[in-house]
Amino acid sequence: MGGVNLARCDDSTFAITAGERALYEEGDLAAARRCFETAHGRAEASGDRAALARAALGLGGIWVHEHRSGAGQETVRALQRRALALVGPRSPLALRLRIRMRGEEDYRSGEHAGTLRLLEEARAAGDPVALAEALSLAHHCLLGPAHAGTRLALASELMGVAARTGRRGDLLLGLMWRTVDLFKAADPQAERSLRELRAALAAGDHLAVGFVARAAEVMLATRAGRFEEAEALAGACAQRGAEAGHVDAPGWYGGQLGAIRWFQGRAGELVPSLRELAGSPTLSPVDQSVAAGLAVAAATAGDHRTAAGLLAGLRGRNLPRSGSWLATLYCLAEAAYLLRDTATAARVRELLGPYAGLPMVAGPGVTCFGSARHTLGMAALTVGDVDGAVAELRAAVRDNLALGHRPAGVLSRHRLAQALALRHGLDDEDACRERLVAAREARVLGMLLPAGPGACLIERHGRQWRVTLGGRRALVADSVGMRHLAALVERPGREIPAADLVEEDRAGGEERARIAVGKAVRRALTRIAEADPVIGVELRAAVRTGARCSYLPGNDEIPPSWAGSRDE
């Protein structure tokens, strides 16, 4: 379409035909916009009302909210209102314009009732093109988790209607929406549907639908823990989105890379890019997942002030239940856990409860964070419901296994070990076993688990010590034991003789030093656990005392039978 010379045509007919072919047959959104802009200018000059209406309709695109800037939105909206006033109120063009305009309004406000009413009107009118467009727009407005069954029915109906519209793009959209719905429902037929969609695209490309199909491939590679491949696929997907003229291409790439970095244990690296993306004028106004993701990244990087401010702002908003709602809740729960924000965690738990059986899929299959039960478990852990956390995280491990999401399964197992240790103590056999399995799988996948190697920092904070581990912080009063711990944490993996840690003259002897250091460190660990039980559990698992002392972060190769031996 980029090679079409619109200047050679004296009227709007050719430009409209070219635009509709680009939009509905080829999925080239950028080329379609250029054609319809040209057509609209020529139709206005010639006074061709029908052509003007078709051009104004085409400028809306195939998705909702393709125009993100304030000026762009208002310009297209004004053109469509004017076109609607110029055509017969009962004409198919008028119905299509009303469907498009209502779909835009409903999506921006997080509603869908008006679009569904017009869908019924389109069914009654008998115009297959109007019905196909109403079905797809309604589907887009119902991407939240409460409408899974309705969406799947709409997708199936769209595939049937496509046989009557004569537009190949309608069939591809139906196949695409069905695939999206199956992934969002954790249906085992989802990958089979994706293969069918790929085969249809191989027979004739459609840039916009192909962009969504490629996003699903990124999601699957991430689920499999093939992080390098997933990152390469995400880059190719972003390029495809740019070629198609899809306004969400940068945001989807940010979400895909964010999920990859999160599971790799590198979320803190994302702060600059997420900060930039959060301020982008192309970001959808109903998408709060970027702000929530920035909160997690900032908390992980130690910027608790920024993270707390973002959580406070998001907690006070009415979050539209769009396609990004589940991803937003996932990020809110993880950030709340790091900041010990019980109010946010309780809110997430309340909102997500009805959807515990779903996977946390963002948008139309952009990425997936695993079982919703993991998020419920993290929220329970944050508010202090350890029994609830154990139950949810144990279920999340099973769900993620069934889902084929290896990184999410590892993270759920790691958090389950933590919850079990909080409930039964660090020596609990189940906790040791889950911790060991999670650590081994993480090494296979190249994941750095939370509170892993080098994650602990103990530093002076006035007359206290500030302990930072895995994004969490605790303030503890000064003591001899805290000084010993600081010395050990400063040199991870190194064995330090207890006699070298004590400040008094070594003539008391190695045995006295062993006893003194052991008692002091245990008291310090108890105080840390009182300030933050999670940090306390993680540090107690990593600190060894005896004649020789050490801090061994991430040392999960220690057999469970040794787990209780902290003093040799």
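Let's start with helix α3, residues 49-58, and helix α5, residues 92-109, whose axes come within 10 Å and cross at roughly 25°. Keep in mind, please, that this is a predicted model. How do α3 and α5 run relative to each other? An angle under 35 degrees counts as roughly parallel, and therefore α3 and α5 are roughly parallel to each other. The crossing of α3 past α5 is left-handed. On the α3 side, the contact is made by A50, A53, R54 and L57, and on the α5 side by L93, R96, L97 and R100. Sort those residues by class and you get 5 nonpolar, no polar and 3 charged.

Find helix α21, residues 406-424, and helix α22, residues 429-445. Here the axes are 8 Å apart, and the packing angle is about 155°. Angles over 145 degrees count as roughly antiparallel, so α21 and α22 are roughly antiparallel to each other. The crossing of α21 past α22 is left-handed. Who takes part in this contact? From α21 there are R406, P407, V410, R413, H414, L416, A417, L420 and A421. From α22, they meet D430, A431, E434, R435, V437, A438, E441, A442, V444 and L445. By class, the contact of α21 with α22 has 12 nonpolar residues, 1 polar and 6 charged.

Let's zoom in on a single residue, L376. You will find L376 in helix α19, which covers residues 372-383. Is L376 buried or exposed? The relative accessible area of L376 is 4%, and buried means under 20%, so L376 is buried. Leaving out residues up to four places away in sequence, L376 touches R349, L352, G353, A356 and E392.

On to the strands. There is an open sheet of 3 strands, in the order β3-β4-β5, with antiparallel pairing. Which strands are at the edges? Those are β3, at 457-461, and β5, at 472-477, and each pairs on one side only. From one strand to the next, the twist averages 25°. Look at β3 together with β4, residues 464-469: these two pair in the antiparallel sense over 5 bridges.

Strand β6, residues 496-497, pairs with strand β8, residues 548-551, in the antiparallel sense over 2 bridges. In that pairing, I496 stands opposite C549 in β8. Strand β7, residues 543-544, is also paired with β8, again antiparallel and over 2 bridges. What is the bridge partner of R544 in β8? The partner of R544 is S550. Finally, look at the hairpin of β7 and β8, where 3 residues sit between the strands. Which residue takes a positive phi there? In that hairpin G546 does, with a phi near 155°.

Technical notes
Residues numbered from 1 in each chain as written. Predicted model: local features only at pLDDT ≥ 70, side-chain atom pairs only at ≥ 80, totals over all residues. Heavy atoms only, no water. Helix = DSSP H or I, 4+ residues; strand = E, 2+ residues; numbered from the N terminus. Buried < 20%, exposed > 50% of the residue type's maximum accessible area, 1.4 Å probe, protein only. Contact = heavy atoms within 4.5 Å. Pairing = 2+ DSSP bridges. Axes fitted to C-alpha atoms, helices over the stretch in contact; angles between N-to-C directions. Parallel < 35°, antiparallel > 145°, perpendicular 65-115°, else oblique. Left-handed = near helix turned anticlockwise from the far one by under 90°. Nonpolar A, V, L, I, M, F, W, Y, C, P; charged D, E, K, R; others polar.
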